[in-house]
Amino acid sequence: MIVAVAGGKGGVGKSTVAYNLAAALDAVVVDGDLGMANLPADHGPTLHDVLAGRASAREALRAGPVTVLPCGRSLAGARAADVSALGDALTSVEREHGTAVVDCPAGLRADVGVPLAVADAAVLVAAPEPFALADALRTRELARELDAPLVAVALNRVVEEPPIPTVRDALGAPVESVPADPRVGQSVEEEAPVVDAAPDSDPAATFAALAGRVDSSEK
């Protein structure tokens with residue numbers, strides 16, 4: 001199964017949601033943002049190398065609490081990457097590991113279309129503020145055009161009571177609220193997904209619920 005985690009704009013914590021959702025699903029998380037990578041990486045091959053034909057997806061995988069297929073951070077690497085090869089790379093990860101969670105580029109950039117086009121399910125990450133709904137709606141329409149079923153919306157960094165009915169009705173998908181919690185914000189940098197580091201916390205329960213939405217969509 002390929003799960004695309006998309007967002008209407010940058011800065012909503014999409015990478016954090018993708019990383020923690022992958023942990024809850026026991027999946028590989030793929031940093032699909034070719035121009036602005038956020039997930040942990042080391043000095044080995046990256047998705048840039050995979051898409052340039054210099055390495056296989058298996059060679060680029062990085063073991064950890066969550067297995068990551070990282071993306072390079074150089075402009076030269078991004079220019080050499082063939083975006084059209086991304087679908088094959090994701091399919092390869094899915095074939096060997098069962099589930100691939102893709103951290104998509106923010107907004108409506110051209111390279112967000114590839115993971116959405118091959119995805120079996122999509123999760124949309126949005127800010128809880130009402131003004132952010134317009135951005136989320138545009139990404140929702142793109143997912144619909146590319147036949148990526150939207151299985152859930154993650155309202156991230158929620159502090160006050162979120163407008164769940166409004167978001168649910170506008171986007172046509174169940175909504176899960178990720179509480180504003182420093183452990184979520186630090187999870188990627190510290191490589192400590194909350195389902196492992198704080199399994200009894202409210203954020204861990206939210207990511208488990210998101211994972212349940214994804215699993216249910218496969219049946």
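Visitor: Which residues of β5 are buried on one side, and which on the other?

Guide: In a regular strand the side chains alternate between the two faces of the sheet. In this predicted model, where local features need pLDDT of at least 70, side-chain atom pairs count only at pLDDT 80 or more, and totals for chains, interfaces and linings use all residues, Ala121, Val123 and Val125 are buried on one side of β5 and Ala122, Leu124 and Ala126 on the other. Buried means under 20% relative accessible area, exposed over 50%, and partly exposed in between, with a 1.4 Å probe and protein chains only. Residues are numbered from 1 along each chain as its sequence is written, and side-chain values use heavy atoms, with hydrogens and water left out.

Visitor: Which strands are joined to β5 by bridges?

Guide: Two strands pair if DSSP finds at least two bridges between them, and strands here are DSSP runs of E with at least two residues, helices being runs of H or I with at least four, numbered from the N terminus. Strand β1 (residues 2-7) runs parallel to β5 and is joined to it by five bridges, with glycine 7 partnered by valine 125. Five bridges also join β5 to the parallel strand β6 (residues 150-158), where leucine 155 is the partner of alanine 126.

Visitor: Through which helix does the chain cross from β5 to β6?

Guide: A crossover is right-handed if, with the strands pointing away from the viewer, the path from the first strand over the helix to the second runs clockwise. Here the chain passes through helix α7 (residues 133-145), and this β-α-β crossover is right-handed.
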